[in-house]
Amino acid sequence: MAVAAGQPQPTRMSSADRRVLAGTMVGTTIEWYDFFIFAQAAGLVFAALYFGPLESESAGLAQLVSWATIGISFFFRPLGAIIAGRLGDRIGRKAMLVFTLVLMGSATALIGLLPTYAQIGVWAPILLMLLRILQGFSAGGEWGGAALMAVEHAPVNKRGFWGAYPQIGVPVGMILATLVLFVLRSSMSAEAFLEWGWRIPFLLSVVLIVIGYFIRSAVAESPVFKRMIERKRDTATPLRNLMRTNKREVLLAAVIFIGNNAAGYLVIAFLSSYAQRTLGMPAAPVLLATLLASFGWLVFTLVGGVLSDRIGRVRTFQIGYGLIFVWMIPLFLLIDTRNVWLYGIAIFLLTIGLGLSYGPMSALYAEMFPARVRYSGIGIGYALGAILGGAFAPLIAQALLGRTGWSGSIALYIMALCVISFIGVSMVKETRGAPLEADESPAADKALNRP
């Protein structure tokens with residue numbers, strides 16, 4: 001497969017190509033399946049089962065702490081990205097993809113077996129947070145490897161499209177998780193779900209781990225990494241080199257992700273809980289609406305990848321962030337009608353901007369960094385962006401709602417982050433078609449503002 005400009009571009013996807021794309025998508029699918037069911041449990045279950053005693057101290061405190069458990073793992077994503085990036089830039093992308101997949105899925109399954117506060121006391125919330133931290137650590141190393149496997153295998157003129165495959169793991173994971181939750185909430189009482197039903201989605205992740213392991217084990221190593229090793233261009237200190245030569249790119253990568261990640265976590269975590277707990281909408285129709293929106297997110301993420309191959313990564317991002325910005329106020333006006341149909345329309349239309357500002361991310365990030373530090377660079381940039389964006393977005397949204405009593409304050413918060421990310425991506429010179437083996441091209445480094 002061609003990975004450099006000027007080489008012949010394959011016109012038909014081979015079985016090996018399909019294995020690569022499936023392997024990159026399966027890990028992010030499991031990651032976001034895990035995160036979505038955790039976020040839903042944080043909104044509906046954990047406050048009562050693991051943080052209940054806090055409610056006697058202050059009304060609503062248990063729910064705020066429950067939301068905070070989502071964010072705490074994000075602080076460990078950079079650590080996972082650093083370690084996985086260091087090893088991934090030295091021993092290869094494939095080995096780290098298999099490792100992070102197993103680690104993440106195992107932590108999720110153990111949450112499904114975790115005793116409650118009523119059973120083991122304070123150890124219950126402590127163990128819950130430790131497992132959540134383990135999820136965050138593994139997720140920090142997961143995305144970078146998946147993005148690179150897709151983009152570094154891709155033909156030059158299809159990097160955006162191929163790079164969108166690990167990105168659609170988000171909506172695919174949401175679809176799987178929402179289907180499971182929809183079936184459970186429709187087939188059992190609220191009491192049964194609170195007592196034991198919520199554990200089933202966590203335990204089912206074992207099935208996804210086994211499937212993902214066999215798919216990823218069959219994927220070939222990245223051709224760019226192979227050539228880098230053959231030419232002995234690996235380094236024992238990729239992190240040190242990254243911070244010395246590509247600090248600007250790391251910071252820009254983080255800033256670019258903030259707005260998308262925060263808006264995405266509203267869909268993943270906050271809006272469903274807000275509709276059910278605050279507005280009193282029935283659970284099953286809300287989950288069904290979220291499911292339909294997930295399909296929209298999938299389609300528009302692929303559209304974003306394809307569009308970036310045609311008009312450029314930066315322009316596609318700008319369009320996506322502009323759409324999110326414009327839609328935030330109407331989004332909450334529709335949701336606050338308490339009409340499930342309008343709720344579904346509101347979040348579905350939000351996914352247009354989400355997809356366009358997420359689909360091109362793998363290609364953009366990969367083209368921003370030279371091969372010798374690429375895994376470390378995109379992983380750390382992505383992890384930092386997640387901390388600043390989505391880590392505490394549900395918690396901040398809940399706090400804003402509680403303080404102002406006006407859902408529009410949440411919209412203004414997301415709009416401000418979109419402006420920041422729009423400015424960040426506008427500071428990147430267009431990367432489409434840049435050589436991925438940029439170590440060998442000083443001209444390409446200069447064109448991308450690299451030292």
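In the predicted model, Ser407 is in contact with Tyr274, Phe332, Asp336 and Leu401, its neighbours within four places in sequence being left aside. With Asp336 there is a polar contact between the two side chains, at 2.4 Å. Ser407 belongs to the loop that joins helix H21 (393-404) to helix H22 (408-426). Its relative accessible area is 5%, and since buried means under 20%, Ser407 is classed as buried.

Leu401, one of the residues in contact with Ser407, is also one of the buried residues of H21, together with Ala393, Pro394 and Ala397. Viewed along the axis of H21, these buried residues fall within an arc of 100 degrees and therefore line one face of the helix. That set of residues packs against helix H3 (61-72), helix H15 (247-278) and H22. Gly402 and Arg403, on the other side of H21, are exposed. H21 has twelve residues, and the distance from its first C-alpha to its last is 16 Å, close to the 16 Å expected at 1.5 Å a residue. Just after H21, Gly405 adopts a positive phi of about 70 degrees.

A positive phi is also found at Arg338, where the angle is near 65 degrees although the residue is not glycine. Most residues other than glycine have a negative phi. Arg338 is placed in the loop between helix H17 (313-335) and helix H18 (340-356).

Aromatic contacts were examined next. The count comes to 15 aromatic pairs. In one of these, the ring centres of Phe46 and Tyr50 are 5.5 Å apart and the planes stand at 85 degrees, so the pair is edge-to-face. Both residues lie in H2, four residues apart, which is about one turn of the helix. Phe46 is buried at a relative accessible area of 0%, and Tyr50 is buried at 1%. Phe46 also pairs with Trp198: their ring centres are 5.7 Å apart and their planes are at 90 degrees, so this pair too is edge-to-face. The pair links distant parts of the chain, 152 residues apart, with Phe46 in H2 and Trp198 in the loop between helix H10 (190-197) and helix H11 (199-203). Trp198 is buried, as is Phe46. One aromatic cluster is formed by Phe38, Phe46, Tyr50, Trp198 and Phe202. Over the face of Phe38, a member of this cluster, lies Arg132, at 4.3 Å from the ring centre.

Leu181 is located in helix H9 (residues 169-187) and is buried, at 6% relative accessibility. The C-alpha atoms of Leu181 and Ile200 are 9.1 Å apart in space, with the two residues 19 residues apart in sequence.

Technical notes:
Residues numbered from 1 in each chain as written. Predicted model: local features only at pLDDT ≥ 70, side-chain atom pairs only at ≥ 80, totals over all residues. Heavy atoms only, no water. Helix = DSSP H or I, 4+ residues; strand = E, 2+ residues; numbered from the N terminus. Buried < 20%, exposed > 50% of the residue type's maximum accessible area, 1.4 Å probe, protein only. Polar contact = N/O pair within 3.5 Å; in protein donor to acceptor, adjacent residues only side chain to side chain. Contact = heavy atoms within 4.5 Å. Expected span 1.5 Å × (residues − 1). Arc of directions from axis to C-beta. Phe/Tyr/Trp six-rings, centres within 6.5 Å; stacked < 30°, edge-to-face > 60°. Lys NZ or Arg CZ within 6 Å of the ring centre and 35° of its normal.
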